[in-house]
Amino acid sequence: MRRYLAVGLDCYLCLVTVGILARPYVHRADSAEAAGLLLGPALVFSFLNHVVLTAIAGAGAGKLIMGMRVVKLPDAGRPGPWPLLLRWLYGLCWLPLQPWYGLRSLLSGPGVLPRATLWNGGNGELRTDPLGLRQVRRSDLAAHRNATVAARAHR
C-alpha cells in the first residue's frame with residue numbers, strides 16, 4: 001500500500017508543479033501548444049524525481065514521504081544513475097501498455113494468450129523489477145543493514 005501511495009504522491013506533486021509552471025501560459029496557447037506546455041515539464045519533473053533525486057537521496061519525493069528507499073539487489077546498496085535512467089524509461093514504456101495487455105488477454109479468452117508482459121515474463125513468476133531494483137521501507141533497510149553488520153561481527 002505504501003508503494004501505491006508513494007506513486008500517487010509523485011503524480012500529485014508532478015501535476016501540481018506542472019500546473020503552477022504552465023498556468024500563466026496555457027490560456028494563450030492553442031491545444032497543441034498547451035499539450036506541449038504540460039507534457040514537457042511533466043517529463044522533466046518525472047525525470048528529476050525518479051532519476052536525479054533517487055540517485056541523490058535514495059528515493060523520489062513520494063517514496064521519501066512514505067518512508068521508502070530504492071535499493072539494488074542483492075546487496076541492498078544505492079543504485080547508480082544508469083539503472084535508474086533505464087528504470088524510468090521502462091516505466092514510461094511499460095505503464096501505458098498495461099491496458100492493452102489486459103484487454104488482449106480478456107478478448108482472446110482463457111488460456112489462449114497468456115498475459116505476458118515484460119513485468120511477469122509470461123510464465124507466472126512476478127519479477128520485482130526488470131533491472132534488479134526494489135522499493136523497501138526505510139526501517140526494513142536499516143534492520144537488514146544492522147543484521148548484516150551483526151552477522152559479519154560473529155564470523
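Because the model is predicted, local features require pLDDT of at least 70 and side-chain atom pairs count only at pLDDT 80 or more, while totals for chains, interfaces and linings use all residues. Residues are numbered from 1 along each chain as its sequence is written, and side-chain values use heavy atoms, with hydrogens and water left out.

**Overall architecture**

The protein chain contains 5 helices and 2 strands, where helices (H or I, at least four residues) and strands (E, at least two) are DSSP runs numbered from the N terminus. Along the sequence these elements follow the pattern α-α-α-β-α-β-α. Of the 155 residues, 27% are buried; buried means under 20% relative accessible area, exposed over 50%, and partly exposed in between, with a 1.4 Å probe and protein chains only. Of the contacts between residues at least 6 apart in sequence, 58% join residues at least 24 apart, a contact being heavy atoms within 4.5 Å. The accessible surface of the chain is about 10300 Å², and carbon and sulfur atoms account for 68% of that area; such areas come from the Shrake-Rupley method with a 1.4 Å probe, and for residues only the protein chains shown count as cover.

**Trp88 and its surroundings**

The largest nonpolar core has 5 residues: Val51, Val70, Leu84, Trp88 and Leu133. Such a core is a set of buried Ala, Val, Leu, Ile, Met, Phe, Trp, Tyr and Cys residues joined through side-chain atoms within 4.5 Å. Apart from residues up to four places away in sequence, Trp88 touches Leu43, Ser46, Phe47, His50 and Val51. Ser46, in helix H2, in turn contacts Val51 and Trp88 when neighbours within four places are set aside.

The count of aromatic pairs is 1. Phe47 and Trp88 form this pair in an edge-to-face arrangement, at 5.3 Å centre to centre and 70° between the planes. Phe47 belongs to helix H2 (residues 31-57) and Trp88 to helix H4 (residues 81-108), so the pair links parts of the chain 41 residues apart. Rings of Phe, Tyr and Trp (its six-membered ring) pair if their centres lie within 6.5 Å; planes under 30 degrees apart count as stacked, over 60 as edge-to-face and the rest as tilted.

The table lists relative accessibility for selected residues.

| Residue | Relative accessibility | Class |
|---|---|---|
| Asn49 | 4% | buried |
| Trp88 | 14% | buried |
| Ser46 | 15% | buried |
| Phe47 | 29% | partly exposed |
| Leu92 | 36% | partly exposed |

The whole structure holds 1 salt bridge, defined as a side-chain nitrogen of Lys or Arg within 4 Å of a carboxyl oxygen of Asp or Glu. Lys63 and Asp10 form a salt bridge, with their closest N and O atoms 3.9 Å apart. Because Lys63 lies in helix H3 (residues 61-65) and Asp10 in helix H1 (residues 2-26), the pair ties together parts 53 residues apart in sequence. Both Lys63 and Asp10 are buried.

Asn49, a residue of helix H2, is in contact with Asp10, Thr54, Gly60 and Ala61, leaving aside neighbours within four places in sequence. The C-alpha atoms of Asn49 and Leu13 are separated by 9.8 Å, although these residues are 36 apart along the chain.

**A nonpolar surface patch**

On the surface, Leu39, Leu43, Leu89 and Leu92 form a nonpolar patch with about 330 Å² of accessible area together. H2 and H4 are the elements that give two or more residues to the patch. Patches are made of residues with over 30% relative accessible area and no salt bridge, with like charges joined within 9 Å and nonpolar side chains (Val, Leu, Ile, Met, Phe, Trp, Tyr) within 5 Å.
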